[in-house]
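Please open the structure in the viewer and keep the sequence panel at hand.

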Amino acid sequence: MTQKLAAQRHELILRAVRAHGTVRLPELVELLGVSAVTVRRDVTALADRGLVVRVHGGITMPRHAEPFPRGPQSVVGPAPTHPLVGMVAPSVEYYWPAVIQGVQTAVAAAGGRLVLRASSYDALEDRRKACELLDRGVQTLLVAPSTTGRAGVELLRWLGAQSVPVVLVERLPPPELPTIALDAAVTDHAIGAGLAVRHLATLGHRRIGLVTSRQSPHSDAIRAGWTTAVSSLELSFNGVPALDVPTYGSPQWARAVDQVIDECLDADVHAVLVHADREAIGVLERARERGISVPNDLAVVSYDDEVAAASDPPLTAVRPQKHGLGALAAQLALARLADPLDRPVHRVVLWPTLTVRESCGTALCPA
């Protein structure tokens with residue numbers, strides 16, 4: 001009976017929003033004769049299914065279901081001549097400077113200005129920084145938010161309800177929000193990991209280990225790409241180390257890198273993909289201290305290519321196109337600003353590239 005009543009409420013809500021375009025939450029409370037908590041729960045369920053869009057204080061129709069002719073006040077014109085673009089980046093170190101520079105380049109080319117806030121991989125902090133930018137008057141917003149857990153889902157719901165266009169950078173909505181209408185520009189890190197595995201396989205390696213960084217939001221995709229590539233190439237999983245290690249330089253790092261090397265030696269593994277550059281360089285340094293030659297005894301591919309070329313020996317590395325990704329995200333935001341209603345949702349994926357250097361050596365001689 002409760003489910004039936006919920007379905008009836010949902011139908012009444014949809015009828016109201018179809019009839020009026022935008023409906024305020026207090027109006028729904030009065031219409032349905034239920035509590036504000038129940039209305040918010042119903043609205044969240046409908047928004048998660050893509051049937052309505054939450055806006056401040058109410059709901060409206062999704063972009064793809066505009067039912068009425070637009071009046072003169074809603075005619076879409078060209079994008080602002082000097083757009084003010086906001087960006088919330090989870091960091092301004094290591095991976096993110098090149099992304100930010102790409103955004104800045106594209107915004108400047110459009111005659112606009114970028115206003116940046118740095119967050120800290122925390123959903124509450126992401127929202128606070130986004131609020132600062134909205135109060136600052138930005139006309140569109142680029143965000144690389146936390147997307148995991150309940151806090152991440154609620155943050156994305158909130159971002160999807162904003163009146164300015166929001167573009168996700170290096171993030172996709174989780175399965176809980178399959179129809180949230182947010183544009184996104186992302187790197188296919190799984191493809192990048194696959195490129196590394198395939199390169200090592202062409203050199204004759206049949207047992208290829210994996211080391212991922214415990215703190216990185218990209219580790220799951222890299223691990224998935226490694227798993228898919230190893231499986232599709234019919235390489236061995238049996239006893240091959242696939243380790244998740246703490247950040248380079250942390251108190252646990254020395255023990256972790258020794259574990260990586262020990263497990264490779266014990267499992268007769270002579271090739272490994274390491275995320276990211278700092279961790280890969282740490283593996284090289286520790287291998288050298290232990291008398292293990294790279295690439296003769298252990299071939300190493302790094303993931304990120306920030307400082308891989310400066311290692312000794314230079315690291316073969318997968319390079320996400322960070323500058324290009326930032327520029328693309330900014331272009332998506334500016335395009336949405338010019339056409340906020342009729343433009344379909346864009347989810348654009350860039351492939352990384354592989355740069356071959358000395359850390360993998362040449363093809364193995366057949367046994």
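Is Cys 360 buried or exposed? Select this residue in the model, which is a predicted one. Cys 360 has a relative accessible area of 3%, so it counts as buried.

A search of the whole structure finds 0 disulfides.

Now move to Cys 131. With a relative accessibility of 28%, Cys 131 is classed as partly exposed.

The next stop is a pair of helices. Select residues 253-266, which form helix 9, together with residues 277-289, which form helix 10. Their axes are 10 Å apart, and the two helices pack at an angle of about 70°. Helix 9 is therefore roughly perpendicular to helix 10.

Show the side chains at this contact. From helix 9, select Trp 253, Val 257, Asp 258 and Ile 261; these meet Glu 279, Gly 282, Val 283, Arg 286 and Ala 287 of helix 10. Sorted by class, the residues of this contact comprise 5 nonpolar, 1 polar and 3 charged.

Finally, colour the protein chain by pLDDT. The mean value for the chain is 89, and 93% of its residues reach 70 or more. Select residues 64-77, where the pLDDT is below 50. In the model, this stretch has 17 contacts beyond near neighbours in sequence.

Terms used: Residues are numbered from 1 along each chain as its sequence is written. This is a predicted model: local features need pLDDT of at least 70, side-chain atom pairs count only at pLDDT 80 or more; totals for chains, interfaces and linings use all residues. Side-chain values use heavy atoms; hydrogens and water are left out. Axes are lines fitted to C-alpha atoms, for helices over the stretch in contact, and angles run from 0 to 180 degrees between N-to-C directions. Helices (H or I, at least four residues) and strands (E, at least two) are DSSP runs, numbered from the N terminus. Angles under 35 degrees count as roughly parallel, over 145 as roughly antiparallel, 65 to 115 as roughly perpendicular and the rest as oblique. Contact means heavy atoms within 4.5 Å. Ala, Val, Leu, Ile, Met, Phe, Trp, Tyr, Cys and Pro count as nonpolar, Asp, Glu, Lys and Arg as charged, and the others, Gly among them, as polar. pLDDT is the predictor's confidence in each residue, from 0 to 100. A disulfide is a pair of cysteine sulfur atoms within 2.5 Å. Buried means under 20% relative accessible area, exposed over 50%, partly exposed in between (1.4 Å probe, protein chains only).
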